[in-house]
Amino acid sequence: MSHINNLEYEGTPIWKRVSQKALRQRAWEPCRWQEQLRNGEPLTDLLIIDGHAHLGEYAGFLIDHPDAEGMVEVMDWIGMRAAILSSNPAIKSNQRYGNQITLDAVRQHPGRLFGYVVANPYYAEEMEEELRRYLAEPGIIGIKLHPELHDDYPLNGPRYEPMWEIATELGVPVLFHTYFGGDSLEAIVNIARKYPMVPLLVGHQLQDKSMEAMAEMANALDNIYIDLTVPEIYGSLEFFVEAVDDIGRIIFGTDFPWGNCHFRVGAVIYARISEEQKRRILGENAARLFGISLD
Amino acid sequence: MMLTFFDINTSIGVWKHPNYGGFETADELEAALDYLQVERAVVYHAQAHETHAPTGNQMLMEELSGHPRLLPSWVIFPHYTGEMPEPKTLIRDMLDQDVKIVRLLPGIAGHRFSLEPWCVGPLLETLADHRIPTLIDFMFFRRDDPDWRLLYDLSQRYPHLPLILTGWAGLASRTFFALCKECPNLYLDISRYHLFRGILAFCQRVGAEQLIYGSGMPRIAPGVALTTVTHSHVREEEKHLIAHGNLERILGEVLQ
């Protein structure tokens with residue numbers, strides 16, 4: 001039985017697999033990086049890759065110094081090695097202008113900033129050319145969809161067909177936003193089945209729907225990844241580490257500069273999981289999924 | 001020198017919707033504070049929020065007995081229905097039990113009372129007489145904003161009452177910065193203040209004196225608010241004010 005109508009979930013029910021009581025009783029064991037955080041220092045011996053970032057100003061609220069330099073400066077405060085971003089203009093307004101800003105930032109900071117090209121369903125006629133052009137650029141390594149800011153246009157709508165075909169052809173990961181409306185759990189499962197060669201990063205760990213459904217989906221479908229962008233929910237790290245068969249499916253993200261990136265790194269570092277699990281979640285999983293080499 | 005932290009926003013008790021691994025008792029809260037190297041914390045009780053304030057406050061006092069590093073925070077509301085004593089009696093009772101900070105949950109999602117002067121006026125007036133720090137929890141959803149005019153009016157009407165806005169994410173800085181400059185008795189608990197470079201921007205444009213460290217545990221994960229402060233990139237003296245100094249100051253100004 002599953003939380004999702006069209007998903008046959010054979011495993012142990014998540015609520016039985018993850019014990020509230022056992023997590024509550026788990027020991028508070030400090031890890032090696034806490035002292036550095038406590039002293040306000042960057043984490044220099046840990047690979048941190050932000051798999052869900054943005055860039056640039058936003059009409060609705062203050063984002064102070066959100067240009068490429070401002071982003072990299074803030075990354076340095078916490079010791080973040082790389083961020084994969086889509087610019088705010090690309091998701092919120094003019095995707096031609098916005099995707100160019102993303103590319104400019106990636107070119108200015110190779111190896112620190114990587115990019116998602118945003119597909120705007122309302123410009124479907126130019127989508128194929130735009131996606132191919134950007135995805136041919138070094139450092140543009142994924143596609144970003146934002147249903148909430150595109151009037152809940154459905155992921156399986158015909159205007160996205162060119163995007164899904166290109167993502168399949170090139171095998172690039174697709175990150176999509178989920179909360180405040182958006183597609184149903186069933187629709188996400190259908191997309192994952194229809195495009196099995198496309199790694200799907202399910203935005204914001206399905207925080208508004210169900211983290212248990214998120215775990216079921218990741219366990220049942222090989223191309224589903226958890227975009228861990230709300231690790232500040234108490235216990236969510238501990239939950240996913242217990243609930244998911246393969247923690248390689250958990251990709252760290254901060255959504256910065258929609259907010260700060262530091263506190264979300266802090267949520268992982270102070271979580272009651274092992275150092276090895278922190279290492280994988282904070283950077284190694286993303287490096288593997290996106291083929292990023294930072295040596 | 002390592003920062004000392006004094007947390008204005010923690011809770012104990014059993015929540016209707018528990019988070020995975022969330023603690024319930026004072027002992028467990030202290031273990032979490034030890035882990036974070038946090039010195040002290042202000043605590044309210046889940047049942048004062050979700051069940052009934054007087055019941056929860058009583059449970060809080062019983063649970064915190066023998067835990068001097070945990071400061072009780074009562075959840076209160078106006079007295080007109082007879083559920084709460086009249087303000088002077090209530091506050092005297094609180095102070096006699098060494099309770100020096102309170103939490104209000106106005107509005108439909110909380111305890112359904114108005115913050116207009118004709119309703120909460122006598123209560124706030126008594127709190128102001130004793131300068132008792134008063135947290136206002138509007139139970140914000142992620143992108144909600146408070147009633148700015150009401151906050152302005154309350155701050156102006158009770159200039160000696162420290163009012164602490166809690167649970168707010170900080171997106172409406174264009175309004176909030178202006179409000180705080182006008183209302184030096186208005187504070188923000190930073191437990192959900194996640195604005196990009198937000199602490200730095202606030203300190204540069206308003207001042208560190210109106211920010212107070214709060215973790216929101218066990219609703220919010222440990223280390224979140226702490227890292228917000230440690231990596232805020234403000235001056236050390238500003239970090240000290242936010243981490244513990246401002247809260248110590250307003251608690252030190254409570255009049256018996």
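1. In this predicted model, helix α6 of chain B (residues 148–157) packs with α7(B) at an angle of about 10 degrees. Their axes lie 10 Å apart. Angles under 35 degrees count as roughly parallel, and α6(B) and α7(B) are therefore roughly parallel to each other.

2. Which residues make this contact? From α6(B) come Trp148(B), Leu151(B) and Tyr152(B). From α7(B) come Thr175(B), Leu179(B) and Glu182(B). By class, the contact of α6(B) with α7(B) has four nonpolar residues, one polar and one charged.

3. Now the interface between the chains. Chain A puts 41 residues into the contact, and chain B puts in 36. On the side of chain B that touches chain A, four helices each supply at least two residues: α1 (26–36), α7 (173–182), α8 (198–205) and α9 (224–230) of chain B. The helix α9(B) gives the most to this side, with six residues. By class, the residues of the side of chain B that touches chain A divide into 20 nonpolar, 13 polar and three charged.

4. Chain A has an open sheet of eight strands, with parallel pairing. The order is β1-β2-β3-β4-β5-β6-β7-β8. At the edges stand β1 (49–55) and β8 (250–252) of chain A. Each has a single partner strand, so one side of each is left without a neighbour in the sheet. From one strand to the next, the twist averages 35 degrees.

5. One pairing in detail. Strand β2 (residues 82–87) of chain A runs parallel to strand β3 (residues 113–118) of chain A, and three bridges join them. Leu85(A) has Gly115(A) as its bridge partner in β3(A).

Definitions and conventions. Residues numbered from 1 in each chain as written. Chains lettered and ligands numbered in written order. Predicted model: local features only at pLDDT ≥ 70, side-chain atom pairs only at ≥ 80, totals over all residues. Pairing = 2+ DSSP bridges. Axes fitted to C-alpha atoms, helices over the stretch in contact; angles between N-to-C directions. Contact = placed C-beta atoms within 7 Å. Nonpolar A, V, L, I, M, F, W, Y, C, P; charged D, E, K, R; others polar. Parallel < 35°, antiparallel > 145°, perpendicular 65-115°, else oblique.
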